[in-house]
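Subject: Structure handover

Hello,

Here is the structure I promised to pass on. Please open it first, then read my notes below.

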Amino acid sequence: MYLLKATDVAKTFQTRQGQSVEALAPTNLEIEEGEFLSLIGPSGCGKSTLLRIIAGLIPPSSGKIEWRSESDVKNTNIGFVFQEAVLLPWLNILDNVRFPLDTFGAPRKDSDEKAHEMLALVGLKDFAKALPKELSGGMRQRAAIARALVYRPKIVLMDEPFGALDLLTRDRMNDELLRIRQEVGATIVFVTHSIEEAAYLSDRVAVLSARPGRLRSIHTIDLPKPRSEASKDVPEFFSWLSVLRKELK
Ligand code: ADP
Ligand code: MG
C-alpha cells in the first residue's frame, strides 16, 4: 500500500528574465510505507524539485500528489533535511532540535525530553549546549537529522544530506542513518548523486534522466539487510553499481 502517490507531477519554473525552464517532466511514482527510496540522476535533472513538491514546499505546475490518508499530509508528518545543515546559529544544539516542537506548541517538558532522546540517538548527547559553529560538518548534519526526526514524522525527505561531507564521514553517516532509521522506522526519500550511497542504503532506487527529469527506471536493490560495510564487498553490490551507472548514461 502506498504512503504517497505522485501522478503526472511536472514542474516548469518561470525565471525572472521571463524564460520558462522545464525542470521536471510528468512523473509517476508511488512511495511505499516504510521503504528507503533513493532518487538519483544528473545534476539539474529535477531531484530537489521533486522532493520539494512532495514536501509541499512548492506546488507542481501540473499533476498531483496524493497521500494515503489526510492525516499523513499534515506538515508535522514530514521531516526535511537539506544538503547543508540548516541550523539557527544563535541557538544551541538542544534548542535547534527542540525548535519544531516549540513551533508546534508542544509543552516545554515534552519537547525537552524528546529532543534529549533524539540527541542521544544521533550520538550528540554531550553537545546539547554547544553552538552549531562549534561542531564539525558531520555533527551538524546529525543535529539536523535529529531535528527532522524529533516529531516522529511518517516520512523524511533528505536532499543530498551528506553531499558536503568527506567520504569517510559520509560512510559513517550512512551507517548512522540506517541505524537511526531502524529505531524510528520512518519512510525515507533520499536524493543523492552517489551511486554507491544509493545502492548501499536503499530498498529501491529511482533513476531520473537529464533535464527535464523523467523517471527512467526503478530498481529494487535485493542485497541482504541489514546492510553493513561487508555488503559493499560482495559481487552483487558491484553488479548494482554497474547497472545504475549504465542507467545514468
Ligand atoms: P537537481 O536537484 O536534480 O540538481 P533541481 O531540481 O534543483 O535539480 O533543478 C532542476 C532545474 O530547474 C535546473 O535546471 C534548475 O536550474 C531549475 N530550477 C530549480 N529551481 C528553480 C527556480 N526556483 N527558478 C528557476 N529555475 C529553477
Ligand atoms: Mg538538488
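How many residues does helix H3 have, and how far does H3 reach from its first C-alpha to its last? Helix H3 covers residues 108-121, which makes 14 residues. Its reach is 20 Å, close to the 20 Å expected at 1.5 Å a residue. Bear in mind that this is a predicted model.

Ser111, Ala115, Met118, Leu119 and Leu121 are the buried residues of H3. They lie on the same side of H3, because they cover an arc of only 155 degrees around the axis. As a general point, an α-helix has 3.6 residues a turn, so residues three or four places apart point the same way. Lys109 and Glu113 sit on the other side of H3, and both are exposed.

What do the buried residues of H3 pack against? They pack against three helices: H2 (93-103), H4 (137-149) and H5 (167-184). After H3 comes Gly123, with a positive phi near 75 degrees.

Now the sheet. It is open and has three strands, in the order E2-E1-E4, with antiparallel pairing. Strands E2 (20-32) and E4 (62-67) are at the edges, and each pairs on one side only. On average, neighbouring strands of this sheet are turned by 15 degrees against each other, direction ignored.

Strand E1 (residues 2-14) and E4 share five bridges in the antiparallel sense. Thr7 has Lys64 as its bridge partner in E4.

One last item: helix H1 (residues 47-55) lies across E1, E2 and E4. H1 runs at about 120 degrees to E1.

Best wishes

Terms used:
Residues are numbered from 1 along each chain as its sequence is written. Chains are lettered from A and ligands numbered from 1 in the order in which they are written. This is a predicted model: local features need pLDDT of at least 70, side-chain atom pairs count only at pLDDT 80 or more; totals for chains, interfaces and linings use all residues. Side-chain values use heavy atoms; hydrogens and water are left out. Helices (H or I, at least four residues) and strands (E, at least two) are DSSP runs, numbered from the N terminus. The expected span of a helix is 1.5 Å times one less than its number of residues. Buried means under 20% relative accessible area, exposed over 50%, partly exposed in between (1.4 Å probe, protein chains only). The arc is that of the directions from the helix axis to the C-beta atoms. Contact means heavy atoms within 4.5 Å. Two strands pair if DSSP finds at least two bridges between them. Axes are lines fitted to C-alpha atoms, for helices over the stretch in contact, and angles run from 0 to 180 degrees between N-to-C directions.
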